Structure formats: structure tokens, C-alpha cells
Amino acid sequence: MDKIREPLRDLNACGLPEALEVMGERWSFMILRASFNGLHHFEEFLTELGIARNILSNRLAKLVEHGILDRQPCADDRRRIEYRLTEKGFHLLPAMVALREWGQRYGGGLAEDPVLVDEQDRLPIGPVSILAHDGRVLSGKDLRFVQRADLGKRADGTQARPAAGFDRAQSDDAAARQPRVAAAR
């Protein structure tokens, strides 16, 4: 099979431009990180992040508009507003962890403290990886683009089938609702 590339000029053929439209600047990521760390109120974001009030207001509105955060009255004081991660927001966790890992590796050699660990063993998570449908860890040389009509067609002409339980489109499954950050073992 001939190798094909993404149509780089056609921004609609790729999810990256859409993601960058929503998340493509520092403060959106910092607000998202704060949300993953349990912050929910405007004043908490303002104090913890050291962000200007107008920028925070703008970024929160954009994250709500795009369904990353949900804006709702506080349960104990309905005059206050809480910003909560939506399912769509939770699915950004693997991207956040991957960016954090990349920044630690190439940013300046900062020693992470606190350390991100898995809850069960309380040991540091492994590197974020790209996984094949059957769980194999892939590198850049293992990746290529194919036309949708050619999915599963191997170079030798045989047809591959996804591993049991693998379905990217499945959104009603409880496991699909939880972000999955793969760690190389």
C-alpha cells in the first residue's frame, strides 16, 4: 500500500485544529489543570493561578462554551457558581499528562513534587504511550495514515480485526467514560 498523508491544508480533516481552537493557549491549560486538582470557584482559580480577572472570565466562558467545563450554582450557596469538568473535559486528562511529561523531560529538568502516581500502588505512573487496539505500545515508526475504507487491510492483504473490547466509538460503556492514560510497562 502506498503511504498517504493527512491533507494538511484542509483543517476540517483533522481534530487538532479544533482542539487548538479550544485549548491552544496557556491559561486554558492552567485552568484545566486546576480543575483536575479540585478547584471549582472563580476566586479559587484567581488566587491559585495568579491570572487577571478579565482573562480568567474569558477563558472560563470559552471552556464552558465548548463543553469542557460546566457552569452550575454551588450546592451550599446558590448565589455562587461552580465550574466542574464535564465528560469531555475529563477526556483531556491523557493530553494533559502527556504535555506535563513532555515539559518535565524537555523543559528544564524540574524534579516533580508532588509526583503523579497510580492510586493502587502509589508509585509514579509510566510514560504516556500510544497504544494499538490490542494494547501494544507503538512508536512513531509504527504509525501511518490510511483511508477509512482501508482500515484493517494489512500490507500482505489479510484483514485485521480489532481486539475484543476495543471500540473507539463506544461512548455508553462505563470504561469509555473514564480517560485512559496508558503507561508503558
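**Helix packing, burial and local geometry in a predicted model**

Modeller: Helix H3 (residues 42-49) packs against helix H4 (residues 53-65) at an angle of about 125°, and their axes lie 10 Å apart. The model is predicted: local features need pLDDT of at least 70 and side-chain atom pairs pLDDT 80 or more, while totals for chains, interfaces and linings use all residues. Residues are numbered from 1 along each chain as its sequence is written, and side-chain values use heavy atoms, leaving out hydrogens and water.

Colleague: Why are H3 and H4 called oblique to each other?

Modeller: Angles run from 0 to 180 degrees between N-to-C directions, and axes are lines fitted to C-alpha atoms, for helices over the stretch in contact. Under 35 degrees is roughly parallel, over 145 roughly antiparallel, 65 to 115 roughly perpendicular, and the rest oblique. The value for this pair is about 125°, and H3 and H4 are therefore oblique.

Colleague: Which residues of H3 and H4 make the contact?

Modeller: H3 contributes Phe42, Glu43, Phe45 and Leu46, and H4 contributes Arg53, Leu56, Ser57 and Leu60; contact means heavy atoms within 4.5 Å. The residues of this contact comprise five nonpolar, one polar and two charged. Ala, Val, Leu, Ile, Met, Phe, Trp, Tyr, Cys and Pro count as nonpolar, Asp, Glu, Lys and Arg as charged, and the others, Gly among them, as polar.

Colleague: How many helices and strands does the protein chain have?

Modeller: The protein chain has seven helices and four strands, where helices (H or I, at least four residues) and strands (E, at least two) are DSSP runs numbered from the N terminus. In order from the N terminus, the elements are α-α-α-α-β-β-α-α-β-β-α.

Colleague: Why does Glu101 count as buried?

Modeller: Buried means under 20% relative accessible area, exposed over 50%, and partly exposed in between (1.4 Å probe, protein chains only). Glu101 stands at 18% relative accessibility and therefore counts as buried. Glu101 belongs to helix H6, and its side chain reaches the backbone nitrogen of Val128 at 2.7 Å. Leaving aside residues up to four places away in sequence, Glu101 touches Gly126, Pro127 and Val128.

Colleague: Why is Asp142 called partly exposed?

Modeller: Asp142 has a relative accessible area of 42%, so it is partly exposed. Asp142 sits in the loop between strand E4 (137-138) and helix H7 (174-177). The side chain of Asp142 reaches the backbone nitrogen of Ser139 at 2.8 Å.

Colleague: Why is Arg122 called exposed?

Modeller: The relative accessible area of Arg122 is 55%, so Arg122 is exposed. Arg122 lies in the loop between H6 and E3, and its phi is near 60°, a positive value in a residue other than glycine. Pro114 is placed in the loop between helix H6 (93-106) and strand E3 (130-131). The peptide bond from Asp113 to Pro114 is cis, with omega near 10°.

Colleague: What are the buried residues of helix H2 (residues 26-36)?

Modeller: They are Trp27, Ser28, Met30, Ile31, Leu32, Ala34 and Ser35. At the start of H2, a side-chain oxygen of Glu25 comes to within 3.1 Å of the backbone nitrogen of Trp27. Just after H2, Gly38 takes a positive phi of about 95°. In the protein chain, buried residues make up 23% of the 185 residues.

Methods:
Polar contact = N/O pair within 3.5 Å; in protein donor to acceptor, adjacent residues only side chain to side chain.
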